[in-house]
Amino acid sequence: MDRDGYVIYVNNVCERHYALKADDVLGRHIDELNDLDYWSPNIMPIVRREKRRITREQTTFLGRKLLTTATPVLNEKGEIIFTVYNTRDTTQLEAIKQELEVTRQALTASKGKNDSSENRCDIITHNIKMKQLINFAEQVAGVDSNVLILGDTGTGKGLFARHIHRNSLRKDGPFITINCAAIPEDLLESELFGYSHGAFTGANKSGKKGLIELADKGVLFFDEIGELSLRLQAKILHFIQERQYIPVGGTEMKTADVRVLSATNR
């Protein structure tokens, strides 16, 4: 979309998501298209006003739910020269949300209960070096510090993270794993930090607790943390340093007592 709000390019994904042909929208103004109720809400006025990336859930005229991100490109004067729209069909995101909700419910039900298998080791090996690593992990477990686990894909980084949790003072608390490579970033931020009332269109009216809050007194394990953008890594780093965070769309600072374990193959 150019600086005046006229559509100048449409790809195949956009055609599929909005059930429109490129010829239906090319050369037309975004406000005109919005008036035709092809989708709602129109997020362009927010982009023009705030001159920053905006993400909202949109509904097309066929009822399809899309997670739409509008990213303005600015010149040296801070003026918008064009805007790039990116959409994701939230059918898959809804499935991920359901999986996360199941995890939340399981954590809520088990929080505070003892795990009879808490000290078992799921790493089966006869290798001396691996046994030394297991012993080292158990020593690290006793120190309530954050841990970064390095290793190639498939080498058992997640097993080591869980073993550290089971042998730590937080063993009775929750252990939450977040696969950073599998969850879209726009969804991950709200799931991680939670969101407040009215944070975005389609949000739960009463807001929602984030995984950080649910992991209080326990462990949060970021699997493949290197796949996250630097922007989100910076937010996580701030939480690690300060133990404070602000939910998406919120204004009040929250705190959580969480030990952070991370793993990457980079």
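In the predicted model, Arg-3 has a relative accessible area of 51% and is therefore classed as exposed, the threshold for that class being over 50%. Arg-3 lies in the segment that precedes α1 (12-18). Apart from neighbours within four places in sequence, the contacts of Arg-3 are with Ile-80, Ile-81 and Phe-82. For Arg-3 and Ile-81, a separation of 78 residues in sequence corresponds to a C-alpha to C-alpha distance of 4.5 Å.

An open sheet is built from four strands in the order β1-β2-β3-β4, with antiparallel pairing. The edge positions are taken by β1 (39-40) and β4 (80-89); each has a single partner strand, so one side of each has no neighbour in the sheet. Strands of a sheet pair through backbone hydrogen bonds, in either a parallel or an antiparallel arrangement. Between β1 and β2 (residues 54-60), the antiparallel pairing extends over two bridges. Trp-39 is positioned opposite Thr-60 of β2.

A helix pair is formed by α8 (residues 185-193) and α10 (residues 230-242), whose axes come within 11 Å and cross at roughly 10°. Because angles under 35 degrees count as roughly parallel, α8 and α10 are described as roughly parallel to each other. On the α8 side, the residues in contact are Glu-185, Leu-188, Glu-189, Leu-192 and Phe-193, and these meet Arg-231, Leu-232, Lys-235 and Ile-236 of α10. Divided by class, this contact of α8 with α10 comprises five nonpolar and four charged residues, with no polar residues.

Key
Residues are numbered from 1 along each chain as its sequence is written. This is a predicted model: local features need pLDDT of at least 70, side-chain atom pairs count only at pLDDT 80 or more; totals for chains, interfaces and linings use all residues. Side-chain values use heavy atoms; hydrogens and water are left out. Axes are lines fitted to C-alpha atoms, for helices over the stretch in contact, and angles run from 0 to 180 degrees between N-to-C directions. Angles under 35 degrees count as roughly parallel, over 145 as roughly antiparallel, 65 to 115 as roughly perpendicular and the rest as oblique. Contact means heavy atoms within 4.5 Å. Ala, Val, Leu, Ile, Met, Phe, Trp, Tyr, Cys and Pro count as nonpolar, Asp, Glu, Lys and Arg as charged, and the others, Gly among them, as polar. Two strands pair if DSSP finds at least two bridges between them. Buried means under 20% relative accessible area, exposed over 50%, partly exposed in between (1.4 Å probe, protein chains only).
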